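Dear colleague,

I am passing on the structure we talked about, and my notes on it follow below. Please read them with the model open beside you.

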Amino acid sequence: MKKKLNIGLVGCGAIAQNCHLPGYAASGCCELTAVADPRPEAFEEAKKLGFHFQRYYSDYREMFEREQFDAVSVCTPNKFHAEVAIRAAAAGCHVIQEKPIAISMPDAYAIRDAVKFAGKNGMTCFTHRFSAHNRAAKKMIEKGAIGEPYMIRVRFAHTGPFPGWAKSDWFYNPEMAGGGALMDMAVHAFDIARRLIGRDVTAVTARIATLRKQIAVDDNVIGIMEFGDRCLGYIECGWTSPAGFLGIEIMGDNGAITCDYCNAATMTSGVTTPSGKNKQRTRVISAKNEPAAWGTQMAYVVQQTRKNAPYSPSLDDGADTLAVVLAAYESGRTGKRVEIHN
């Protein structure tokens with residue numbers, strides 16, 4: 001019988017309490033060894049949820065000096081992702097990095113290089129890749145069921161992380177978060193678009209705005225993606241949406257897939273004519289989607305960690321997607337199309 005994995009955690013806020021800790025606990029093969037967070041109330045919140053660590057620290061640097069881990073989840077505000085991940089790699093840990101990987105490309109590359117230098121594996125937590133609908137869609141696209149994709153639409157939106165979910169309003173602090181809904185929500189949209197199309201985004205044009213919230217960062221974004229010269233896409237993401245479609249549409253030469261996060265995922269084929277006479281056939285490819293795919297993601301994290309195997313999405317995926325996010329911010333500032341050269 002294999003020994004349990006020693007798990008460390010830096011940042012014990014909402015994403016840790018709702019995703020990482022339940023996932024590690026559910027595996028039955030992880031030991032919650034130590035956690036670091038400057039907020040002592042975070043430890044009490046975790047305990048009330050049934051998650052108990054062996055040791056608690058207010059400073060992650062002291063934790064790494066004293067502890068040995070197999071893997072560490074980095075769940076801090078975005079500003080601290082790089083310094084914590086690099087320290088974790090130097091301590092000999094596999095790095096499970098919350099998205100975005102970082103808030104600058106130099107930091108993203110530094111994380112990737114530190115993990116590689118340490119001979120460890122690193123993952124960027126793009127949870128949407130693990131949803132039942134999106135896994136089914138990817139399978140159908142790879143089988144050629146809708147032909148070559150030429151268009152993708154992604155709409156990810158809700159009412160915002162705070163109040164109601166996050167433990168503080170750091171998401172709305174430009175220095176801590178590095179951006180607003182574009183950095184928080186569209187990073188998922190760009191990644192899942194890259195994943196489903198199977199190509200990198202080569203250019204982006206974006207419009208960014210703060211439409212409703214009285215905050216110092218953006219609360220809505222729309223963006224046009226180019227995947228070379230064979231496919232286009234667009235994203236709409238925001239923090240001001242009480243209702244509306246939530247999910248993804250992929251159009252191919254021979255059909256289309258709709259991943260409706262609130263209903264089923266379907267595949268449609270047939271003919272749509274200029275006369276308005278349509279012959280279409282639709283079938284369900286995934287009947288039910290999880291409210292969040294955190295459980296599936298974390299089961300995969302544990303599986304790969306136990307095998308000492310690489311993770312996907314990787315830190316390279318995190319860096320490539322961050323490049324799209326930052327290009328979108330540049331486009332929003334300049335009003336120009338921005339090319340991306342990964």
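The end C-alpha atoms of residues 5-120 lie 15 Å apart, and this span is 46% helix and 22% strand, where helices (H or I, at least four residues) and strands (E, at least two) are DSSP runs numbered from the N terminus. According to the UniProt record, which is an unreviewed entry, residues 5-120 carry the annotation "domain: Gfo/Idh/MocA-like oxidoreductase N-terminal"; UniProt positions are given in the numbering used here, feature names are shortened, and annotations may be inferred rather than shown by experiment.

Please keep in mind that this is a predicted model, in which local features need pLDDT of at least 70 and side-chain atom pairs count only at pLDDT 80 or more, while totals for chains, interfaces and linings use all residues. Residues are numbered from 1 along each chain as its sequence is written, and side-chain values use heavy atoms, with hydrogens and water left out.

On the sheet: nine strands form an open sheet in the order 14-13-12-11-7-10-9-8-15, with mixed pairing (two strands pair if DSSP finds at least two bridges between them). Strand 14 (278-286) and strand 15 (338-339) stand at the edges with a single partner strand each, so one side of each has no neighbour in the sheet. Strand 11 (residues 247-252) and strand 12 (residues 255-260) are joined in the antiparallel sense over six bridges, and glycine 252 stands opposite glycine 255 in strand 12.

On the aromatic side chains: rings of Phe, Tyr and Trp (its six-membered ring) pair if their centres lie within 6.5 Å, with planes under 30 degrees apart counted as stacked, over 60 as edge-to-face and the rest as tilted, and by this rule there are nine aromatic pairs. One of them is the stacked pair of tryptophan 165 and tryptophan 294, at 6.4 Å centre to centre and with 25 degrees between the planes. This pair links distant parts of the chain, since tryptophan 165 is in the loop between strand 7 (149-157) and helix 7 (174-177) and tryptophan 294 is in helix 9 (residues 294-307), 129 residues apart. Tryptophan 165 is partly exposed at 31% relative accessibility, and tryptophan 294 is partly exposed at 23%; buried means under 20% relative accessible area, exposed over 50%, and partly exposed in between (1.4 Å probe, protein chains only). Elsewhere, Phe43, Phe53 and Tyr56 form one aromatic cluster.

On the charged side chains: a salt bridge is a side-chain nitrogen of Lys or Arg within 4 Å of a carboxyl oxygen of Asp or Glu, and the count comes to 27 salt bridges. Glutamate 148 forms one with arginine 199, their closest N and O atoms being 3.2 Å apart. That pair also links distant parts of the chain, with glutamate 148 in the loop between helix 6 (132-143) and strand 7, and arginine 199 in the loop between helix 8 (181-197) and strand 8 (203-209), 51 residues apart. Glutamate 148 is partly exposed at 27% relative accessible area, and arginine 199 is partly exposed at 34%. Arginine 194 and aspartate 191, by contrast, are both buried, and they form a salt bridge whose closest N and O atoms are 3.7 Å apart. Because they are three residues apart in helix 8, about one helical turn separates them. Salt bridges that share partners join Arg129, Asp191, Arg194, Asp200, Asp317 and Asp320 into one network.
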